[in-house]
Amino acid sequence: MSQVSARVVVSRFFLLISLLILFAVPFHYWTVDRKGVLRALSPIPAVLASWTVKCSEGSPMWQKEMMSFGIWTLRAPASQSAFIDVDGQVHHCESGWQGDVLFSSLVSENSLFQYGSLTKPITSALIIKLVNDGKLEYDLGITELIGIGEPYDEAEGFDSVTLGDLMTHNSGVSGEIFSEDKIPWCPYRMDQIVNQKVWVTPSGSHKYSNLNYCLLGAAISKATGRSYRAAVNGAFNLETYGINFVNGAHPEGWVRPDYRYHDFYRDDIRPSFDYYAISSTAGMGGSAKGYARLIRDLLNSSSGQHLTGKDSSCDSRKIRNCYGHLFYLYEPPNGDLVNVKGGHMPGYSSVVVVDHRREVFVWLGNTDTPNASSGLNITRFIDALSSLW
């Protein structure tokens with residue numbers, strides 16, 4: 001073999017090794033840490049989504065800025081926002097794609113996202129309506145609310161838990177309704193509440209509970225003689241706002257959830273919750289514009305009297321701390337108090353903010369967002385919104 005031929009062989013050998021390394025290393029990381037790879041590559045869909053941001057004519061400049069904040073800080077490849085100003089004008093913005101980036105339809109003002117816990121203020125609004133109609137009372141005990149008869153252990157303290165306690169997350173009732181491997185007892189076997197634990201919550205403190213709002217859904221059913229879904233649809237005509245109930249992790253025609261920041265779920269391992277059971281807790285979905293319109297209409301009704309005000313018993317500078325009947329109160333660094341509610345379902349995040357002028361801002365995105373449980377990034381989001389608004 002000539003010296004030239006040997007060099008060619010060696011060069012080809014090293015080229016082959018280089019190609020193997022080039023493809024083997026990413027393949028290795030893709031197989032052992034797929035989400036890590038997707039998170040590392042997240043700037044790519046973020047840049048592409050940034051190019052697609054569009055807002056309706058007359059939208060304030062800060063609304064477009066908040067869309068970028070949602071893309072980069074909350075890490076949402078697809079998102080919507082809606083803003084209803086003091087004059088009742090509706091402004092909306094959208095970004096990203098409904099499914100595969102570049103290969104699906106762009107998100108529109110009518111695209112559908114899961115609301116998660118943004119469902120809760122709608123449940124609360126119906127409770128308020130039923131109280132105003134004389135069908136419920138805030139101080140009714142939980143066993144009377146849901147129709148539990150004798151016998152039960154009064155020493156457990158269930159009679160001390162009231163409708164108002166459930167609404168403000170200081171009932172002390174423990175339990176979970178999001179379960180993959182069994183059907184939750186609420187709302188199907190309400191007598192099982194007597195087997196749950198109850199503890200006393202200190203004055204001014206809250207322990208956030210999805211179960212509380214399942215119990216409120218059961219109270220609505222008992223008070224109206226209808227299922228929760230039928231009762232809330234009948235009361236607020238949700239269809240006119242484009243709001244629907246969710247019956248699966250990824251309903252056809254909805255914006256695809258992005259699980260890259262979820263610890264467990266992914267496209268081939270999706271949530272399998274009992275979506276009927278979580279109807280009153282996190283069961284609704286729709287567009288940002290539809291939700292903002294509904295909230296504005298509720299604020300113009302008797303429900304609007306229940307915006308949370310300054311309360312010395314809790315620290316409103318902490319996120320998710322001062323719960324009222326509809327929202328929680330939060331005080332950003334600029335001191336402008338706002339009413340807030342955040343929402344989450346695997347692959348989706350959302351937030352609604354109401355200021356002192358009763359202007360309404362809603363943001364929806366297909367992301368779990370980093371540090372979702374701590375609320376760190378959503379706090380940054382609200383702080384930025386308050387400084388621009």
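Two strands pair if DSSP finds at least two bridges between them. In this predicted model, β9 and β10 meet that condition with 7 bridges, in the antiparallel sense. The protein has 12 helices and 11 strands, and 53% of its 389 residues count as buried. Among contacts between residues at least 6 apart in sequence, 70% join residues at least 24 apart.

- The hairpin of β10 and β11 has 5 residues between the strands, and Arg 358 in the turn has a positive phi of about 65°.
- How many of the residues of β10 are buried? The count is 7 of 7.
- Both faces of β10 are covered: one side carries Tyr 348, Ser 350, Val 352 and Val 354, while the other carries Ser 349, Val 351 and Val 353.

**Helix α12**

- Helix α12 covers residues 376–388, 13 residues in total.
- At 1.5 Å a residue, α12 should span 18 Å, and its end C-alpha atoms are 19 Å apart, which agrees.
- Buried residues of α12 include Asn 377, Ile 378, Thr 379, Phe 381 and Ile 382.
- Asp 383, Ala 384, Leu 385 and Ser 386 of α12 are buried as well.
- Which elements do the buried residues of α12 pack against? They pack against helix α4 (61–72) and the strands β8 (328–330), β9 (338–345), β10 (348–354) and β11 (360–365).

**The open sheet of β4, β5 and β6**

- An open sheet of 3 strands has the order β4-β6-β5, with antiparallel pairing.
- Its edge strands are β4 (113–114) and β5 (244–245), each of which pairs on one side only.
- β4 and β6 (residues 284–286) are joined over 2 bridges.
- Phe 113 has Gly 286 of β6 as its bridge partner.

- The largest pocket holds about 940 Å³ of space.
- β9, β10 and α12 are the elements that give two or more residues to the lining of the largest pocket.
- Of these, β9 supplies the largest share, 5 residues.
- The lining of the largest pocket has 35 residues, and those nearest its centre are Arg 320, Gly 343, His 344, Ala 372 and Ser 373.
- By class, the lining of the largest pocket divides into 14 nonpolar, 15 polar and 6 charged residues.
- The second largest pocket holds about 550 Å³ of space.
- Among the 25 residues that line the second largest pocket, Leu 38, Arg 256, Asp 258, Arg 260 and Asp 267 lie nearest its centre.
- Helices α2 (34–40) and α3 (43–52) each supply at least two residues of that lining.
- The lining of the second largest pocket divides into 12 nonpolar, 4 polar and 9 charged residues.

**Cavities**

- Rolling a probe the size of a water molecule over the atoms shows where empty space is left.
- How many cavities of 30 Å³ or more are there? The count comes to 2.
- The largest cavity has about 70 Å³ of space.
- The residues that line the largest cavity are Ser 42, Pro 45, Ala 46, Ile 71, Arg 75, Ala 76, Pro 77, Arg 260 and Tyr 261.
- The lining of the largest cavity divides into 6 nonpolar, 1 polar and 2 charged residues.
- The second largest cavity has a volume of about 50 Å³.
- Helix α5 (residues 119–132) gives the largest share of the lining of the second largest cavity, 3 residues.
- Lining residues of the second largest cavity include Lys 120, Pro 121, Ser 124, Met 167, His 169 and Tyr 213.
- Tyr 323, Gly 324, His 325, Leu 326, Phe 327 and Lys 341 also line the second largest cavity.
- That lining has 6 nonpolar, 4 polar and 2 charged residues.

Definitions and conventions. Residues numbered from 1 in each chain as written. Predicted model: local features only at pLDDT ≥ 70, side-chain atom pairs only at ≥ 80, totals over all residues. Heavy atoms only, no water. Helix = DSSP H or I, 4+ residues; strand = E, 2+ residues; numbered from the N terminus. Expected span 1.5 Å × (residues − 1). Buried < 20%, exposed > 50% of the residue type's maximum accessible area, 1.4 Å probe, protein only. Contact = heavy atoms within 4.5 Å. 1 Å grid on protein atoms, 1.4 Å probe; cavity = no way out; pocket = protein on both sides within 12 Å on 5 of 7 lines; lining within 4 Å. Points joined across faces, edges and corners; volume = space filled by probe spheres on them. Nonpolar A, V, L, I, M, F, W, Y, C, P; charged D, E, K, R; others polar.
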